[in-house]
Amino acid sequence: MGINFSEVNFSYQKPKRRRAVVQTLHGINLRIDDKGEFIAIVGHTGSGKSTLVQMMNALLLPLSGRLEIFGTEIKKKTVLKPIRKRVGLVFQFPEYQIFEETVLKDIAFGPKNFGLPDPEGRAREVAEIMGITDLLERSPFTLSGGQLRKVAICGILASNPEILILDEPTVGLDPFTKSELLELLKKLNREYEKSIIIITHDMDVVSEYAQRVIVLKEGGIVYDGDKKTLFKKEHLLEEYDLDYPETMRILKALKERFQADIDINQHSIEATYQEILKAFGEEDEH
Amino acid sequence: MNTNPVFGQYYHADSWLHRLDPRTKILGTIIIIISLFLLNNLAVIVGAFGATLVLILSSKIPFTKFLRSLKMMTTLLLITVVFQLFFNRGKILAEFDFTLTTVNLAIGIAILVLFFFSRKIITKHRFFLFLALLVFCFYLQTVVKSGKALANYSLAIYEEGLYTSLKVVLRIITLLLISSLLTLTTKPADINTGMERLAKPLKYIGVKVSILSMMISIALRFIPTLINEAGRILKAQASRGVDFKEGKFMQKVTQIISLLVPMFVISYRRAYELADAMEARGYVPDAERTSISLLKYRARDYLTLLFVILLFSAIIALKVSDYAI
Ligand SMILES: Nc1ncnc2c1ncn2[C@@H]1O[C@H](COP(=O)(O)OP(=O)(O)OP(=O)(O)O)[C@@H](O)[C@H]1O
Ligand SMILES: [Mg+2]
């Protein structure tokens, strides 16, 4: 179950008889579980990340190859609504979907469409989780960019999808809200076993939260696996256009400066701290 | 992106038509189109069509570029031809007797059913296939006479109808080709500047030409952007369970609102941002402005315009003195 891509190609142009079309995505093989995954999709601007996640929500159909979402093959005639209920996608730009006169109504729009019971109750519930209960009665058009983004995320969360996809969710959020959102995603992932997929350019987010990383380059998947193996590689920048996260940069600098025996492949503040303690032999003073 | 879908977009080549001043081309095109409607003699129209083909050759633009604008009009042309062919009275050129019998009615229905079920296998050119089959069904009625006759009728093609339809079709095709010639040899910005210059005299009756032309060019520029944006909104709402294929009336209303509101909001914001950006770069609506593309009238422009005007005058003169042109 979950989402299965096999040899999927995609192009924004219509296929022409004689002429080859530019393929935005090519040869995609991917298997995403519907439980407990926390995936980060990274890659250069224009590498096809947004296109890939739109296929996961059956908004774009494959040009060739096989795409299965929750056991249903996605074709022109497939009934898509039940699939979209189970896979939630939060778009890169929230302003493209907000339209109701109050935030509450806008959040309840999704669950109402999917025919879920008590849409407004659900809306209040997710608003509580995201900490925007004070905005519920306001008009969405008076909100700031960051607030709007939270409303958009609530709008998807309210339908309670099993797989939750977010396209660059942390852009435009202040550091506090950003970590709040990420912690919430982590909680959804841990406690409710939801699969979370985020697109991000922020290597610190990848390093701290993701379990699995998918790297896209020029429309193809060039890496798919756990983050430690990825960050062990020497030439990330040259090969994948990626940077190292902050924690690894600090450890690397320390290692070079003091010639210390440090495993620089650490991905949380806590682990980094422990690694430093271990290397410099100081006892924990607490 | 394609801002001008009916007539082709600018195609770069190095020809005398490309080098002409846009004002000449715009005026020339208008005059030629008016002349085309004045012509009413098949031979003369054929001549005009030939002359247009020569012009196209001299523009060094591949003919396939012109075919695109013709293609979009095929349906219209076909309907015109059919109507003119059968509904004009006069001398009969050919007459067809049709007998609708049980046999050919059955065959006809079978063909249409087969056509309907072939839509999974044959996906392209279905319209032409349908036309061919329809003609075939009528043809059957003239040859297959077995079975019980249900109805007898006849259709006639009149000479008058044939001529009229030929004239109409040739005129429309020539018209499309001439207009495509303008848009294919002139950059949109140049067309805009040309129009603005031509409309200058309007300022004496209180029309603010430069503002008007700015408005038009911005509007044209944003059409593809808005189409793009509509696509994004559609996707964003689809992922929230909006399904445009279903729903009762009230749901349909909500669905449409869920598209229109973001559309308006985004357009408004865009308009304000653009206004600010223009102001930040020193745009003052009423200021005297110079253009990035300086238009200069040269000898070839005067010559071309003179030729077109002479042609037009000749047509008028001949018309007035009752020549059948
Ligand atoms: N609607 C569209 N029509 C045509 N081409 C498109 C469309 N959307 C995206 N593309 C093209 O497809 C490619 C991949 O785009 P995509 O939006 O998936 O990139 P991305 O990895 O999400 O980039 P970013 O990091 O900037 O969000 C780009 O080259 C882009 O120009
Ligand atoms: Mg993107």
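This is a predicted model: local features need pLDDT of at least 70, side-chain atom pairs count only at pLDDT 80 or more; totals for chains, interfaces and linings use all residues.
Colleague: Why is B:Lys208 called exposed?

Modeller: The relative accessibility of B:Lys208 is 52%, and since buried means under 20% relative accessible area, exposed over 50% and partly exposed in between (1.4 Å probe, protein chains only), B:Lys208 counts as exposed. B:Lys208 is found in the loop between helix H9 (188–198) and H10 of chain B, where helices (H or I, at least four residues) and strands (E, at least two) are DSSP runs numbered from the N terminus.

Residues are numbered from 1 along each chain as its sequence is written, chains are lettered from A and ligands numbered from 1 in the order in which they are written, and side-chain values use heavy atoms, with hydrogens and water left out.

Colleague: What makes B:Gln237 buried?

Modeller: The relative accessible area of B:Gln237 is 0%, and B:Gln237 is therefore buried. B:Gln237 lies in helix H10 of chain B, and the residues in contact with B:Gln237 (heavy atoms within 4.5 Å), leaving aside neighbours within four places in sequence, include A:Gln97, A:Phe99 and A:Phe109 from chain A as well as B:Val242 and B:Pro262 from chain B.

Colleague: How many residues does each chain give to the contact, and how much area do the chains bury between them?

Modeller: Chain B gives 22 residues and chain A gives 23. The two chains bury about 2100 Å², 59% of it on carbon and sulfur atoms; buried area here is the accessible area (1.4 Å probe) that two parts lose on being put together, summed over both. On the side of chain B, B:Lys235, B:Ser239 and B:Arg240 lose the most area to chain A, together 36% of what that side buries.

Colleague: How do you know that A:Asp106 and B:Arg240 form a salt bridge?

Modeller: A salt bridge is a side-chain nitrogen of Lys or Arg within 4 Å of a carboxyl oxygen of Asp or Glu, and the closest N and O atoms of A:Asp106 and B:Arg240 are 3.1 Å apart, so the pair qualifies as a salt bridge.

Colleague: Why is the pair of A:Asp202 and A:Lys178 said to tie together parts of chain A?

Modeller: The closest N and O atoms of this salt bridge are 2.7 Å apart. A:Asp202 lies in the loop between strand S8 (195–199) and helix H7 (203–209) of chain A, and A:Lys178 in helix H6 of chain A, so the pair ties together parts that are 24 residues apart in sequence. With a relative accessible area of 19%, A:Asp202 is buried, while A:Lys178, with 23%, is partly exposed.

Colleague: Where do A:Lys278 and A:Glu275 lie, and is A:Glu275 buried or exposed?

Modeller: Both lie in helix H11 (residues 269–280) of chain A, three residues apart, about one turn of the helix, and their side chains meet in a salt bridge (3.5 Å, N to O). A:Glu275 is buried, because its relative accessible area is 7%, whereas A:Lys278, at 61% relative accessibility, counts as exposed.

Colleague: What makes the phi of A:Ala58 worth a remark?

Modeller: Most residues other than glycine have a negative phi. The phi of A:Ala58 is near 60°, a positive value in a residue other than glycine. A:Ala58 is placed in the loop between helix H1 (49–56) and strand S4 (64–69) of chain A, and at 2% relative accessibility A:Ala58 counts as buried. A:Glu168 also has a positive phi, about 45°, although A:Glu168 is not a glycine; this residue lies in the loop between strand S7 (163–167) and helix H6 (175–191) of chain A and, at 12% relative accessibility, counts as buried.

Colleague: Which residues have the most contacts inside the largest nonpolar core?

Modeller: A nonpolar core is a set of buried Ala, Val, Leu, Ile, Met, Phe, Trp, Tyr and Cys residues joined through side-chain atoms within 4.5 Å. The largest has 49 residues, and those with the most contacts inside it are A:Ile107, A:Leu185 and A:Ile198. Its largest share, six residues, comes from helix H5 (residues 145–157) of chain A. A second, separate core of 38 residues includes A:Val8, A:Phe10, A:Ile197 and B:Ala236.
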